[in-house]
Amino acid sequence: MGDVHVLRKEMADVLEAALTPSPPAKRWDRPLGMPPSIENRSPDELNIDDAYQRSIDTGPSRALIQKIAKGWDWRMCLPLVVSKRDDGSLWVLDGQHRLAAAKLRGDIPYLPCCVSIYGGIQAEASMFVAMNRARRAINRLDDFHAAIAGGDNDALIVAQMVEAAGFTISRKTGSAAWAPGEVAFTSAINSIRRKHGERVCRVALEMMAQAFPGQRLSAGSSIFTAICRIIVNPPRDLDQACLAKALQAFDMAGWSSFLAAIKGGDTRAQRLREVLLLAYEDTRLARA
């Protein structure tokens, strides 16, 4: 009998839940436009409207088109955003570099296209601006981490050097968001590695790890480059142990203070090189 009462109670609960009105669904603004169609279209069918499109007759654009054409990879060919006008003609809003590369090759029979009806050139131009303003460009650290995941040799070597020194690679480009011990100057490391080899980079990173434990590397790129420049073009009878000691003359905030109002990465690095050499001379004389 007890089981019957329990069962009835469960049935009553289910019925009550079924009869209880559901909370009103969230009211969204009505979607704009009509759903697009996904179509494969010949490159010869696709047009570019110079009234709102950016010019691709520039050095960087021509280089990008050549790169896409030379290494054409269907896995990277996302659908082009295309407008279908009243006369049936097709106009590319997004993807003109891919279109130009396909035409340059001459052996790409079709391109995937996301075709919509926008209602005229003015609407196309407005949508072109909206798409480009909404697009979040990949930053250099996003790119670096993606290169690591993709097995890029340069990125893997830089990551290994950074981690060997006891640092980690940041995912944020803004210095205020860096955690202590995070390196964001991967481009500077790779540039010097290519010019002067891994040893110079490793020595500089190890010196920084000893000098700034637990500190946020707010001027890390400039300090790293300054150290490397001294190692590559050293004063007479450079004592690297003495240079490492000189680096500890100031904490990261102290070194950063020498860069107030100085703009430009090369100028900042040169400024810290000069100050570091002075600290080196003081340290060397104190040891004598």
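Two packed helices are described by the angle between their axes and the distance between the axes. In the predicted structure, helix 5, which spans residues 140-149, and helix 6, which spans residues 153-164, cross at roughly 105°, and their axes come within 8 Å. Helix 5 is therefore roughly perpendicular to helix 6. The contact involves Phe144, Ala147 and Ile148 on the side of helix 5, while helix 6 contributes Ala155, Leu156, Val158 and Ala159.

With a relative accessibility of 62%, Gly166 counts as exposed, because the value lies over 50%. Although Gly166 and Gly181 are 15 residues apart along the chain, their C-alpha atoms are separated by 7.8 Å.

A further helix pair is formed by helix 10 (residues 240-247) and helix 12 (residues 265-287), whose axes lie 8 Å apart and which pack at an angle of about 115°. This angle makes helix 10 roughly perpendicular to helix 12, and the crossing of helix 10 and helix 12 is right-handed. From helix 10, the residues that take part in the contact are Ala241, Cys242, Leu243, Lys245, Ala246 and Leu247, and these meet Leu276, Ala279, Tyr280, Thr283, Arg284 and Arg287 of helix 12.

Aromatic side chains were examined next. Across the whole structure, the search finds seven aromatic pairs. One of these joins Phe250 and Trp255, whose ring centres are 5.1 Å apart and whose planes stand at 80°, so that the pair is classed as edge-to-face, given that angles over 60 degrees fall into that class. The two partners of this pair can also be described by their accessibility: Phe250, at 33% relative accessibility, counts as partly exposed, whereas Trp255, at 1% relative accessibility, counts as buried.

Elsewhere, ring pairs link Trp72, Trp74 and Tyr110 into a cluster. An aromatic ring also takes part in a contact with a charged group, in that the charged end of Arg85 sits over the ring of Trp91, at 4.0 Å from the centre of that ring.

Conventions: Residues numbered from 1 in each chain as written. Predicted model: local features only at pLDDT ≥ 70, side-chain atom pairs only at ≥ 80, totals over all residues. Heavy atoms only, no water. Phe/Tyr/Trp six-rings, centres within 6.5 Å; stacked < 30°, edge-to-face > 60°. Buried < 20%, exposed > 50% of the residue type's maximum accessible area, 1.4 Å probe, protein only. Lys NZ or Arg CZ within 6 Å of the ring centre and 35° of its normal. Axes fitted to C-alpha atoms, helices over the stretch in contact; angles between N-to-C directions. Helix = DSSP H or I, 4+ residues; strand = E, 2+ residues; numbered from the N terminus. Parallel < 35°, antiparallel > 145°, perpendicular 65-115°, else oblique. Left-handed = near helix turned anticlockwise from the far one by under 90°. Contact = heavy atoms within 4.5 Å.
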